[in-house]
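Happy to go through this one with you. Ask away about the wording, and each answer will set the value beside its definition.

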Amino acid sequence: MNPQKSYKTTFFLLLILLVVFFFLNISLGSVSIPFKDVFSSFFDDAVNKEPWRTIVINYRLPKAITAILVGAGLSISGLLMQTLFRNPLAGPFVLGISSGASLGVAILILGASLIGGISAFETSSFSMAIAASLGAFLVLSAVLIAANKVRNTMSILIIGLMFGSITSAIISVLAYFSSAEQLQQFIFWGFGSLGNLSWNELKIFGFIFILGVSLLIFIIKPLNSMLLGENYAKSMGVNIKKTRNIVLIITSILTGVITAFSGPIAFVGLAVPHLTKLIFNTSNHKILLPAVTIVGAILMLVADMIAQLPTSEYTLPINAITSLFGAPIVIWLLIRKRKIFI
Amino acid sequence: MENNAKHIILNIKKLTIGYSSKKLESVVARGINIEVNEPKLICLVGKNGIGKSTLLRTLSGVQPKLSGEIIIRNKNLNTYSSNDLSRIMSLVLTEKLPESNLTVFELIALGRQPYTNWIGSLSQTDIEKINEAMQLTNIEHLSDRKYFELSDGQLQKVLISRALAQDTDIIILDEPTAHLDVQHKMETFLLLKELVDDFGKTIIISTHEIHLAIQSANELWLMTEDEIICGNPQKLIKNESIEKLFSSDKIEFDVKKQQFTLK
């Protein structure tokens with residue numbers, strides 16, 4: 001008998017897709033660069049025009065890598081949330097965690113004028129990452145504490161939405177008191193953007209990302225038992241508190257760092273795990289975690305290509321693209337007759 | 001060890017169960033003293049709301065006790081790590097499973113988690129244990145089905161299989177026959193009895209099927225407002241303890257039929 005499918009072919013195809021879209025993503029942009037020259041840029045080969053190399057290496061490549069990290073990280077966070085809350089509609093955005101990260105950044109950018117002391121800090125990308133992670137952690141902890149008091153999953157979602165509203169309100173108040181310049185900085189950040197990251201920033205991003213993802217090895221097994229609910233998981237030897245705390249830490253690190261560098265990006269965390277479950281038809285986290293990582297990365301690369309409006313000078317806010325495509329997916333999931341699963 | 005005259009499986013001393021919060025403690029039952037020294041099928045019976053689930057939840061460590069002692073295999077329940085306990089005691093609960101995409105095989109395989117490595121890979125032994133558990137409950141043909149497609153009767157067997165795969169001496173089941181038809185109820189009792197007789201497991205279940213419990217259990221725990229009366233079913237019928245289960249004057253226990261009837 002075949003107790004556990006390995007899904008090798010599916011994984012193989014997805015990886016090919018990922019590579020294809022990675023190169024497509026790099027090849028497309030406001031300046032049209034022939035395929036051949038894109039490739040030569042990676043090596044020391046001659047490129048027709050030297051600026052092309054700079055565009056590819058210092059602009060497009062970091063952006064594509066950012067897209068992969070953002071897509072993968074948000075999808076992993078979404079999957080973890082859905083399992084932890086045993087709720088198919090959980091996700092970093094729905095539960096107000098992205099808003100928490102936004103609050104952290106808002107306090108850093110906008111609050112600087114309110115509290116004079118903080119302005120001493122540079123709004124460097126590293127301090128943004130920390131502020132966003134702290135904000136995410138704060139809201140996630142609050143939601144989790146509330147979730148322990150009410151067992152009803154619907155209430156948990158509503159509580160998450162309420163926390164989201166509270167943080168938005170605080171951001172509005174902060175915005176009211178801040179200068180036009182700061183406000184502009186914050187609003188542009190809020191649109192979401194995958195570009196604008198220098199290689200140095202990307203290194204920090206990548207380092208924190210790997211830090212968060214590596215913690216996953218501690219919870220793959222417990223996550224599977226959590227599928228039967230906490231009491232069963234406990235009876236099978238799972239340390240619930242530890243598992244929950246690790247999920248909490250991973251999610252706030254990933255959501256925090258992603259939100260800090262790319263703005264609050266909606267729907268990816270919610271929609272990708274469901275799309276992945278449609279493809280893989282399993283709830284096993286040993287399969288799902290790598291799967292959502294790849295699917296999330298692919299979708300983010302595609303979203304970025306759409307946002308780029310190939311050959312045009314304009315770049316649409318990435319947040320608008322993910323919402324435009326993500327929201328219908330969620331609606332479609334809900335009205336479809338088939339059940340949706342955690 | 002095996003020949004030890006008094007090999008204690010479960011020993012409950014002066015146990016008080018219930019719920020406590022910062023302000024008040026609501027006691028469900030107090031002064032419970034029970035000893036189990038040999039593998040048995042134990043049926044916990046009592047009317048709705050008397051605290052059967054609370055007792056089982058406390059015994060399984062899901063819910064903290066208020067006071068007293070629970071000793072499992074010569075060791076205090078509190079001193080077990082959750083991983084050690086998971087190799088001694090498995091559970092079948094009444095709570096609804098969250099909806100997920102697990103297959104029957106995967107669900108039962110989760111029962112092997114106390115024994116698997118960090119990522120949960122199944123060894124040959126694990127797969128054998130899982131197949132054995134499925135054979136015992138006659139559900140091999142369901143192996144690849146998603147568990148949400150199953151009927152209540154099938155799902156109950158799957159959950160019992162999962163507990164079996166966990167390979168524990170003690171299995172606690174909270175109302176395992178609640179949603180089942182007569183045939184499945186009887187089959188479940190037979191299966192549990194078989195597990196006690198053939199595999200030397202100690203099985204504690206709560207149930208409202210007093211008639212079936214009398215026929216199959218080695219021991220009944222009658223839970224009443226004042227105390228828990230333990231003993232062999234026939235003995236409890238003879239000394240009329242079983243009559244104390246219900247306080248209504250509209251029903252009585254029919255000794256011949258071995259069940260409660262309307263007066």
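Q: How many helices and strands does chain A have?
A: Chain A has 15 helices and zero strands. Helices here are DSSP runs of H or I with at least four residues, strands are E runs of at least two, and both are numbered from the N terminus. This is a predicted model, in which local features need pLDDT of at least 70, side-chain atom pairs count only at pLDDT 80 or more, and totals for chains, interfaces and linings use all residues. Residues are numbered from 1 along each chain as its sequence is written, and chains are lettered from A and ligands numbered from 1 in the order in which they are written.

Q: What makes chain A as compact as a globular protein of its length?
A: The radius of gyration, taken over C-alpha atoms, is set against the globule rule of 2.2 Å times the number of residues to the power 0.38. Chain A comes to 20 Å, close to the 20 Å given by the rule for 342 residues, so the chain is as compact as a globular protein of that length. Its C-alpha trace spans about 65 × 60 × 35 Å along the principal axes.

Q: Why is H4(A) called roughly antiparallel to H8(A)?
A: Helix H4 (residues 97-109) and helix H8 (residues 180-191) of chain A pack at about 160°, with their axes 10 Å apart. Angles under 35 degrees count as roughly parallel, over 145 as roughly antiparallel, 65 to 115 as roughly perpendicular and the rest as oblique. That angle therefore makes H4(A) roughly antiparallel to H8(A). Axes are lines fitted to C-alpha atoms, for helices over the stretch in contact, and angles run from 0 to 180 degrees between N-to-C directions.

Q: Which residues of H4(A) and H8(A) meet?
A: From H4(A) come A:Val105, A:Ala106 and A:Ile109, and from H8(A) A:Gln182, A:Gln185, A:Phe186 and A:Trp189. Contact asks that C-beta atoms, placed from the backbone, lie within 7 Å. By class there are five nonpolar, two polar and no charged residues; Ala, Val, Leu, Ile, Met, Phe, Trp, Tyr, Cys and Pro count as nonpolar, Asp, Glu, Lys and Arg as charged, and the others, Gly among them, as polar.

Q: What is the class make-up of the contact of H13(A) with H14(A)?
A: Helix H13 (residues 268-280) and helix H14 (residues 285-308) of chain A pack at about 120°, with axes 9 Å apart. Their contact residues divide into twelve nonpolar, two polar and no charged.

Q: Why do E2 and E5 of chain B count as edges?
A: The open sheet of four strands runs E2-E1-E4-E5 in chain B, with antiparallel pairing. Two strands pair if DSSP finds at least two bridges between them. E2 (25-36) and E5 (75-76) each have a single partner strand, so one side of each is left without a neighbour in the sheet.

Q: How do you know that E1(B) and E4(B) pair?
A: Five bridges link E1 (residues 10-20) and E4 (residues 67-72) of chain B in the antiparallel sense. B:Lys13 stands opposite B:Glu69 in E4(B).

Q: What is the order of the sheet of six strands in chain B?
A: That open sheet reads E6-E7-E8-E3-E9-E10, with mixed pairing. Within chain B, E7 (residues 170-174) and E8 (residues 202-206) run parallel, joined by five bridges, and B:Leu173 stands opposite B:Ile205 in E8(B).

Terms used: Contact = placed C-beta atoms within 7 Å.
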